[in-house]
Amino acid sequence: MRALIALILIVYLVGVGVALSPTIRDKWNSAPASDLAASVEQDLPYALAWPARVYHSITDRG
């Protein structure tokens with residue numbers, strides 16, 4: 001059971017990283033660290049909700 005929970009948590013965190021990657025990639029070399037952190041903070045709620053977006057895209061409800 002622990003392995004299943006760990007696997008679900010890892011998949012969720014990888015999904016959050018994938019959702020944040022465009023923001024990080026765009027600002028990694030071109031913006032100061034404070035701007036990068038502010039952008040990640042602003043995009044974090046969107047990134048954390050990726051399972052809902054996947055569900056809605058699969059069921060064609062959104």
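Helix α2 (residues 33-48) packs against helix α3 (residues 50-59) at an angle of about 45°, and their axes lie 5 Å apart. That angle makes α2 oblique to α3, since oblique covers what is left once angles under 35 degrees (roughly parallel), over 145 (roughly antiparallel) and 65 to 115 (roughly perpendicular) are set aside. Y46, A47 and L48 of α2 meet W50, P51 and R53 of α3, where contact means heavy atoms within 4.5 Å. These residues divide into 5 nonpolar, no polar and 1 charged.

A word on the source: this is a predicted model, in which local features need pLDDT of at least 70 and side-chain atom pairs count only at pLDDT 80 or more, while totals for chains, interfaces and linings use all residues. Residues are numbered from 1 along each chain as its sequence is written, and side-chain values use heavy atoms, without hydrogens and water.

Now for the chain as a whole. It has 3 helices and 0 strands, counted as DSSP runs (H or I, at least four residues, for helices; E, at least two, for strands).

| Chain property | Value |
|---|---|
| Radius of gyration (C-alpha atoms) | 14 Å |
| Span of the C-alpha trace along principal axes | about 40 × 30 × 15 Å |

A compact globule of 62 residues would have a radius of gyration near 11 Å.

Where does T23 sit? T23 belongs to helix α1 (residues 2-27). At 13% relative accessibility, T23 counts as buried, the cut-off being under 20% relative accessible area with a 1.4 Å probe. Beyond its neighbours within four places in sequence, T23 touches L36, S39, V40 and D43.

Methods:
Axes are lines fitted to C-alpha atoms, for helices over the stretch in contact, and angles run from 0 to 180 degrees between N-to-C directions. Ala, Val, Leu, Ile, Met, Phe, Trp, Tyr, Cys and Pro count as nonpolar, Asp, Glu, Lys and Arg as charged, and the others, Gly among them, as polar. Buried means under 20% relative accessible area, exposed over 50%, partly exposed in between (1.4 Å probe, protein chains only). The radius of gyration is taken over C-alpha atoms; the globule rule is 2.2 Å times the number of residues to the power 0.38.
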